[in-house]
Every structure is written in structure tokens, then in C-alpha cells.
Amino acid sequence: MDLLDTLVAKGLRRELPTREEALAVLANPDEDLLDVVAAAGRVRRQWFGRRVKLNYLVNLKSGLCPEDCGYCSQRLGSKAEILKYTWLKPDQAAAAAKAGVAGGAKRVCLVASGRGPTDRDVDRVADTISAIKAENEDVEICACLGLLSDGQATRLREAGVHAYNHNLNTSEDTYGDICSTHDYADRVDTVQQAQAAGLSACSGLIAGMGESDADLVDVVFALRALNPDSVPVNFLIPIEGTPLAKEWSLTPQRCLRILAMVRFVCPDIEVRLAGGREVHLRSMQPLALHLVNSIFLGDYLTTEGQTGQADLDMIADAGFVVEGTDEKTLHGDREAVGDDVSSGTDLPPNA
């Protein structure tokens with residue numbers, strides 16, 4: 001309990017824990033799990049109250065990627081049975097985004113497979129943003145297009161992009177084990193390019209790829225040093241046809257400890273529960289809401305999530321509320337957090 005009291009006190013002051021303290025959270029026994037969740041939950045409530053931010057993915061281009069990231073079903077040489085298609089037209093993407101916004105999503109994440117965008121691709125994304133904003137002017141737009149070239153981050157910001165997502169995924173020491181076509185430094189550079197252009201940085205990790213506790217702590221401390229506004233935490237879904245298809249090492253308890261560790265290291269940063277939550281947390285998903293303040297609504301890139309309505313029901317049943325479009329999420333906002341927020345909308349069937 002001395003450890004948890006120390007971590008709570010540091011989190012309430014936005015103070016970084018030590019590596020030893022972060023490692024101790026991951027090593028905590030299952031029988032003490034609820035104590036860990038309660039402690040990290042105090043930190044989460046200090047900065048975000050009971051609010052949960054909803055995000056919605058739109059996969060603009062699927063498969064056909066020249067990169068060899070071992071976790072990804074869209075990778076070079078993947079034998080995974082997924083949909084493969086080139087760029088959605090702007091009206092198609094806008095229609096998909098509309099379903100998420102109707103369900104309460106505050107941010108739409110536009111994702112495209114590939115090493116990085118061409119200038120023509122940036123134009124395509126700009127046209128798509130115009131189509132989305134024509135119907136939903138206030139929605140946040142996050143782009144996730146891979147490695148950026150000089151000037152592209154600025155062009156995306158001018159086109160209406162609010163945030164750019166590019167995950168570090170794992171520690172620098174083990175990055176070469178999951179990818180050989182680009183390196184860890186390339187990813188850090190893209191995050192920094194986005195920040196330099198005035199975009200909100202979104203960068204996170206994937207847990208469950210065979211990494212050690214030290215690797216998890218390393219990547220989360222590296223993320224904290226980059227100072228992103230949001231940190232998505234993904235849990236690997238081992239997909240047949242990828243190199244990590246047999247990597248089933250996560251338990252619901254370990255996932256919750258990982259989320260708690262991320263919250264202690266990033267106390268006032270948006271921590272987003274992302275891919276794999278349904279697979280690995282299962283019936284313990286509602287407990288994760290005491291640790292994170294953001295989730296994806298509905299499906300992911302090439303895997304299905306639970307229905308959007310089930311997500312909304314889970315949030316309400318756990319005593320949380322959907323964050324409104326007029327409320328700030330970024331960790332630069334130090335104002336008191338209010339609690340009377342409601343979604344007021346239902347997700348359309350099959351969205």
C-alpha cells in the first residue's frame with residue numbers, strides 16, 4: 001500500500017514515478033489488483049472526472065502495405081484474410097464518420113495503410129476532411145497515415161487535421177524484433193514533426209508482443225518524454241497469417257496492470273483503451289474505465305469490436321459519462337473537471 005499511496009500522490013501532482021515504481025505495478029499480484037485499479041482510478045478522476053471520450057476509426061485504405069510490422073494483418077506478405085481496398089472516396093468516408101459521430105464520437109480517426117502518404121494522398125485526405133466537416137463541423141479529425149515527409153504535417157493541419165497518430169508500439173531495444181523496414185527513430189521523428197507543425201500528438205503502444213516488463217516501462221517512459229496529448233494502449237490480437245499469430249500471453253489482470261502503470265506515468269494525459277480490449281479484458285472491460293478516459297467506439301482497422309451501443313451501455317452502467325464536444329481533453333487544460341456530461345444520441349444499427 002505504501003507503493004500505491006506514493007504513486008497516487010505523485011499522480012495528483014503530475015510527477016513522474018520512478019522506473020522501479022512502474023515495474024512494481026506490473027509485478028503486483030492478482031490478489032491486489034483491485035487496490036491497484038482503485039489507486040490509479042483516483043489519479044484518473046483527478047484529471048478527467050467521470051468523462052469518457054469516444055473516438056471512431058475510418059479505414060481509408062486497407063492492406064497492400066509495403067512495411068513488415070510483425071503484428072499487423074496488412075503487412076507485406078501477410079496471409080491474413082482481410083479486406084483489401086484502395087482509397088475510399090470522400091463521400092464514403094464521410095458516411096462512415098457520420099455513424100460514429102451519431103453515436104457520440106468526438107474524434108474521427110482517418111487511417112490509411114502504407115509506409116507514408118504521397119502528396120496526392122494528402123490531397124485525398126484533405127478532400128475527405130472537407131466532406132466530413134461539411135456535416136460535422138465540430139468533430140476532431142485525427143490522421144494516421146504512416147511516416148511523414150517534410151511539410152506534410154503542416155499541409156494536414158491546414159486541411160483541418162487536429163491530431164496525428166503514430167505509435168511507438170514497443171521499446172527502442174526491441175523494435176527491430178517486430179519490424180525491419182523502418183526503425184524506432186523514424187517513428188519518433190514523425191511524432192515530433194507533427195508536434196512541430198502544431199498538431200496534437202497521439203502516440204501509444206501495443207502490449208502482448210512478447211515484450212518484458214522492462215520493455216513496457218521503457219516505451220511508456222519514452223512516450224511521456226515525447227509529451228503527446230493522447231496515448232492509445234493496444235493489446236495485440238494475434239491474427240493468423242502474421243508472425244505473431246501464436247503470441248497469446250495476456251490475461252485480463254495483466255492488461256489492467258498495464259493500464260494502471262500507463263496512468264501513473266501519464267497522469268493527466270488522455271489514455272485511450274484501443275484495439276484488443278474485447279479479446280483480452282473480456283468481462284473486465286468496465287474496470288478499465290477507472291484507468292482510461294478514452295475508448296474507440298465500435299470496430300477497429302481489420303478486426304471487429306463490440307457494438308457501439310454495447311460500448312455506450314458499458315460506459316453508463318459503470319457510472320461514467322460521454323465527454324461532450326465542448327469540453328477539453330488535452331492535458332494542457334488544468335481547469336477543474338465537471339461531471340454532468342451526456343451523449344444524448346444513439347448509435348445507428350450495425351454501425
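How many helices and strands does the chain have? The chain has 13 helices and ten strands, where helices (H or I, at least four residues) and strands (E, at least two) are DSSP runs numbered from the N terminus.

This is a predicted model, in which local features need pLDDT of at least 70 and side-chain atom pairs count only at pLDDT 80 or more, while totals for chains, interfaces and linings use all residues. Residues are numbered from 1 along each chain as its sequence is written, and side-chain values use heavy atoms, with hydrogens and water left out.

**View 1. The whole chain.** Of the 351 residues of the chain, 57% count as buried; buried means under 20% relative accessible area, exposed over 50%, and partly exposed in between (1.4 Å probe, protein chains only). The chain exposes about 14200 Å², and carbon and sulfur atoms supply 48% of that area (Shrake-Rupley method with a 1.4 Å probe; for residues, only the protein chains shown count as cover). Among contacts (heavy atoms within 4.5 Å) with a separation of 6 or more, 76% join residues 24 or more positions apart. The mean pLDDT, the predictor's confidence in each residue from 0 to 100, is 90, and 90% of the residues reach 70 or more. Over residues 333–351 the pLDDT is below 50, and this stretch has 39 contacts in the model beyond near neighbours in sequence.

**View 2. Strand β1 and its partners.** Strand β1 covers residues 51–61, and eleven of its eleven residues are buried, so the strand is largely enclosed by the rest of the structure. Two strands pair if DSSP finds at least two bridges between them. Six bridges join β1 to the parallel strand β2 (residues 107–112), where Val-111 is the bridge partner of Asn-59. With strand β9 (residues 294–296), β1 pairs in the parallel sense over three bridges, and Lys-53 stands opposite Ser-294. Strand β10 (residues 321–322) is also parallel to β1, over two bridges; here Val-52 has Val-322 as its bridge partner.

**View 3. The nonpolar cores.** A nonpolar core is a set of buried Ala, Val, Leu, Ile, Met, Phe, Trp, Tyr and Cys residues joined through side-chain atoms within 4.5 Å. The largest one has 96 residues, and those with the most contacts inside it include Leu-54, Leu-110, Phe-235 and Phe-264. Helix α10 (residues 252–265) gives the most to this core, with nine residues. Apart from it lies another core of eight residues, among them Leu-57, Val-111, Ala-163 and Phe-296. In soluble globular proteins, nonpolar side chains tend to be buried together.

**View 4. Helix α4.** The buried residues of α4 are Ala-93, Ala-94, Ala-97, Ala-99 and Gly-100. Their cover includes β1, β2 and α5 (119–135). Just after α4, Gly-104 takes a positive phi of about 110°.

**View 5. Gly-116.** Gly-116 sits in the loop between β2 and α5. With a relative accessible area of 30%, Gly-116 is partly exposed. Gly-116 and Leu-145 are 29 residues apart in sequence and 5.7 Å apart in space, C-alpha to C-alpha. Leaving aside neighbours within four places in sequence, Gly-116 is in contact with Asp-121, Leu-145, Gly-146 and Leu-147.
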